Amino acid sequence: MSANAEAEQIVATLLTTPPQDPYPLYARLREIAPIHQASVAPFWTLCRYEDIQKLVKERRFVRDVDDTRRRSGQATDLERPFTRSQQHWFVFTNPPQYQPKRVLYNTAFNRTYVESLRPLMTKFVDELLDDAQDRGELEAINDLAFELTVRVICHVLGVPRENADLLIDWAEMIEGAFEPLATESFKTEADRRTVRVEAFLTGLVENERRNPGDNLLGRLIAADKDGLISQEELIANVPLVFSAGLDTTTHFIGNALHSFMRNRDQWQLFVTDPEALVTNAVEELIRYDSSVQSSPPLRLASEDIEIGGVTIAKGDGVIPFFGAAHRDPDRYDNPDTLDITRKDINTLAFGGGIHICLGQHLARVESQVALVQIAKRFPNLQLTGPDPTWRLHGANNRTLDALYLELQP
């Protein structure tokens, strides 16, 4: 088999049916075709750290909400609710419209605000661990990480917890719609769920406009003195923020605990002083096995751009494999080894440049709080139950079905 044919096969596997362990495939792809123009999906794929770092920081790579549809021969029908909503998503905005809106989002959702949530997050974690301690067992994905993340993101957005199921329902659908090879059936179902979410959020936004609260929505409305963000944009972006904050953080906490349990020496080191070690440990755990493995094909070359000796032609789309970059031996020594004392970690899972993830601080702090409280209360934590298995549903996310842990104080 030629190198190109092998690379094509690997990319097809990663995009459609990723294996339980994708890292050997990433390593092989880095070796034979670190920059590959795939035919299974009309995009370039990147898997070296240096190339992806340049990609995420390069402003000449832009976002285009309609690109995936054009490439798959689908028309952009703005009468469809899901499509109409996407037109307002903040992640698809480009300069010069992007910067003033980003300033508003950063003002409303800054590091100081996120840090102020630590006591509340700690309270949530302890409540969930109290419930699990009574049982002597914790299913970490659903009983801890998911419920913690739902509570936190509801608080951040000003959404009552009792209304969260509506947004959870939408978020579950949107995960499939973000995949590079998403089917029309996903988008049809997304239309139906979008209508339900928009009806609920219309009332929520109008209430926040009358009485802005100390949450992202209220703070954003209060900061927007010049009316840069329309009612439609607010309604469209609340579920997007909810979805982004829910799935990735939930499953990163699960991945982190799984990594610790499979690397007991690192867990034993961590529990000696979790509060001192947690900041660097979270960065290393993201590098080692992030819940975000790649990015939707939202980056398009606005002109011919050279990366790694290859010219990405104007209009071409690019998919970065973050999971491959994080194990690149040209960037990290012993990249397949978990080392929570590793120096000079710079993960790419949150993107970079002007489009770096708005919720990166929230995801980090949430994960830090969860891991610290578990380590302090249950330093003898052990895997139990069936062997964990990974969900095989596309290239973007790496997530466990469940993770059962025995709680030993």
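1. Let's start with a helix pair. Helix H8 (residues 118-135) packs with helix H9 (residues 140-157) at about 150 degrees, and their axes are 10 Å apart. Helices here are DSSP runs of H or I with at least four residues, numbered from the N terminus. Axes are lines fitted to C-alpha atoms over the stretch in contact, and angles run from 0 to 180 degrees between N-to-C directions. H8 and H9 are therefore roughly antiparallel to each other, a label for angles over 145 degrees; under 35 counts as roughly parallel, 65 to 115 as roughly perpendicular and the rest as oblique.

2. Before going on, a word on where this comes from. This is a predicted model, in which local features need pLDDT of at least 70 and side-chain atom pairs count only at pLDDT 80 or more, while totals for chains, interfaces and linings use all residues. Residues are numbered from 1 along each chain as its sequence is written, and side-chain values use heavy atoms, with hydrogens and water left out.

3. Back to H8 and H9: who touches whom? On the H8 side the contact (heavy atoms within 4.5 Å) involves Leu120, Met121, Phe124, Val125, Glu127, Leu128, Leu129 and Arg135, and on the H9 side Asp143, Leu144, Glu147, Leu148, Arg151, Val152 and His155. Sorted by class, that gives nine nonpolar, one polar and five charged residues. Ala, Val, Leu, Ile, Met, Phe, Trp, Tyr, Cys and Pro count as nonpolar, Asp, Glu, Lys and Arg as charged, and the others, Gly among them, as polar.

4. H9 also meets H17 (360-377). The axes of H9 and H17 come within 11 Å and cross at roughly 135 degrees. That makes H9 oblique to H17. From H9, Leu144, Leu148, Thr149, Val152, Ile153 and Val156 take part; from H17, Leu362, Glu366, Ala370 and Ile374 do. The classes are eight nonpolar, one polar and one charged.

5. H17 has a contact with H15 (274-289) as well. H15 and H17 pack at about 130 degrees with their axes 9 Å apart, so they are oblique to each other. H15 brings Pro274, Glu275, Val278, Thr279, Val282, Glu283 and Leu285, and H17 brings Arg364, Ser367, Gln368, Leu371, Val372, Ala375 and Lys376. This contact has seven nonpolar, three polar and four charged residues.

6. Now have a look at helix H2 (residues 23-32), where Tyr23, Tyr26, Leu29 and Arg30 are buried. Buried means under 20% relative accessible area, exposed over 50% and partly exposed in between, with a 1.4 Å probe and protein chains only. In general, an α-helix has 3.6 residues a turn, so residues three or four places apart point the same way. Pro24 and Glu31 are exposed on the face turned away from the buried side of H2. The cover over the buried residues includes helix H1 (3-16), H15 and H16.

7. Two loop residues deserve a glance. Asparagine 334, in the loop between helix H16 (322-325) and H17, has a positive phi near 45 degrees without being a glycine. Aspartate 344 is found in the loop between H16 and H17, with a positive phi of about 55 degrees. Buried or exposed? Asparagine 334 is exposed at 57% relative accessible area, and aspartate 344 is exposed at 58%.

8. Finally, a backbone detail. Proline 95 and proline 96 are joined by a cis peptide bond, with omega about 5 degrees. Proline 96 sits in the loop between helix H5 (81-86) and helix H6 (98-108).
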